[in-house]
Amino acid sequence: MLPAGTFTLSADDHRAFARHVGGDPDGDPTVTALWLIVSDLRGLGIGLGELFARHGIDLAHDGPMLGGVAMAFDGPPLALDRPYPITGEVLDRTRKSGRRGAFDVLRVRVALADVAAVTISYILPRRDEEAAA
Amino acid sequence: MRPGDVLPEHVVESVSAAAMAGLAVVLRDPNPIHLDRTAVRALGLGDREINQGPANGSYIVTMLRAAFPAGRLRALELRLLGNVRVEDRVIAGGTVLAVDDDGTRLCEVWLDVDGGARAIAGTARVDVGVGVRG
């Protein structure tokens, strides 16, 4: 399990996100919340950079990417400016190879209590292993 | 909408570097591939900044919201297949695959780069039976 925490989506962040993606600032903020969590594990007791570092990846220099998401919205819409308990866990890490060489798929599941959950697949390049091959 | 119906497209005429820079702040995403084409080249990922995955996925969500203005998204599964770059023209689209007994629509969704490859493929479940935002 990853360190649990508290997630709050501010009205300002929801509006700013909508503005930058051409979305609806009056739309359900639950989706915005999950995108922010996908991006940096906001609210958990560990950031994405630290999580990647644990798996040998430098967020700023190695070019990790988002590979996929599976979102489920089972609860009521998230309320803005209200704190929610958030939990997360690493599900698995799988070695694969593609056009650009070896990479790992790191799957992480994060749940916002009583609102929504997302399983995230991060692509972690393994250029060191390409060089060694 | 019924199975086989095509959802109205949502088009982004040109992915904006300014929007990417602003979104990087909101997302707290320091990855330089979104902001610095020198870093993109150094990683062998092309010669233009790469749009954030959440932005690409949001274009699909915007398309779904326009198609089902009184509906609520219940599930969204997306596979990111390729990159969207600054100044790309992208098209979000979809079709209705099935209608559940409760009226929930299962849709195939995608995001295409105009003149390029499919960037995202996936599915969405939209509950059209409730009149909530989203």
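The model is predicted: local features need pLDDT of at least 70, side-chain atom pairs count only at pLDDT 80 or more, and totals for chains, interfaces and linings use all residues. Residues are numbered from 1 along each chain as its sequence is written, and chains are lettered from A and ligands numbered from 1 in the order in which they are written.

**Exercise 1.** State how many helices and strands chain A has, and in which pattern they follow one another.

Solution. Helices (H or I, at least four residues) and strands (E, at least two) are DSSP runs, numbered from the N terminus. Chain A has four helices and five strands. Along the sequence their pattern is β-α-α-α-β-β-β-β-α.

**Exercise 2.** Determine whether Ile37(A) is buried or exposed, and identify its contacts.

Solution. A residue is buried if 20 or more other C-beta atoms, placed from the backbone, lie within 10 Å of its own, exposed if 12 or fewer, and partly exposed in between. Ile37(A) is buried because it has 28 C-beta neighbours inside 10 Å. Two residues are in contact if their C-beta atoms, placed from the backbone, lie within 7 Å. Apart from neighbours within four places in sequence, Ile37(A) is in contact with Phe7(A), Arg42(A), Gly43(A), Val110(A) and Val118(A).

**Exercise 3.** Describe how helix α1 of chain A packs against α1(B).

Solution. Axes are lines fitted to C-alpha atoms, for helices over the stretch in contact, and angles run from 0 to 180 degrees between N-to-C directions. Helix α1 (residues 11–21) of chain A and α1(B) pack at about 155°, and their axes are 9 Å apart. The two helices are therefore roughly antiparallel, a term for angles over 145 degrees. The contact involves Asp13(A), Ala16(A), Phe17(A), His20(A) and Val21(A) on one helix, and Ala19(B), Gly22(B), Leu23(B) and Val26(B) on the other.

**Exercise 4.** Characterise the side of chain B that touches chain A, and the pairing of strands between the chains.

Solution. In total, 35 residues of chain B are in contact with 30 residues of chain A. On chain B, α1 (17–27), α3 (53–67) and β2 (72–80) each supply at least two residues of this side. Turning to the strands, which pair if DSSP finds at least two bridges between them, β2 (residues 65–72) of chain A is joined to β2(B) by five bridges, and the two run antiparallel. Within this pairing, Gly68(A) stands opposite Arg79(B).

Definitions and conventions: Angles under 35 degrees count as roughly parallel, over 145 as roughly antiparallel, 65 to 115 as roughly perpendicular and the rest as oblique.
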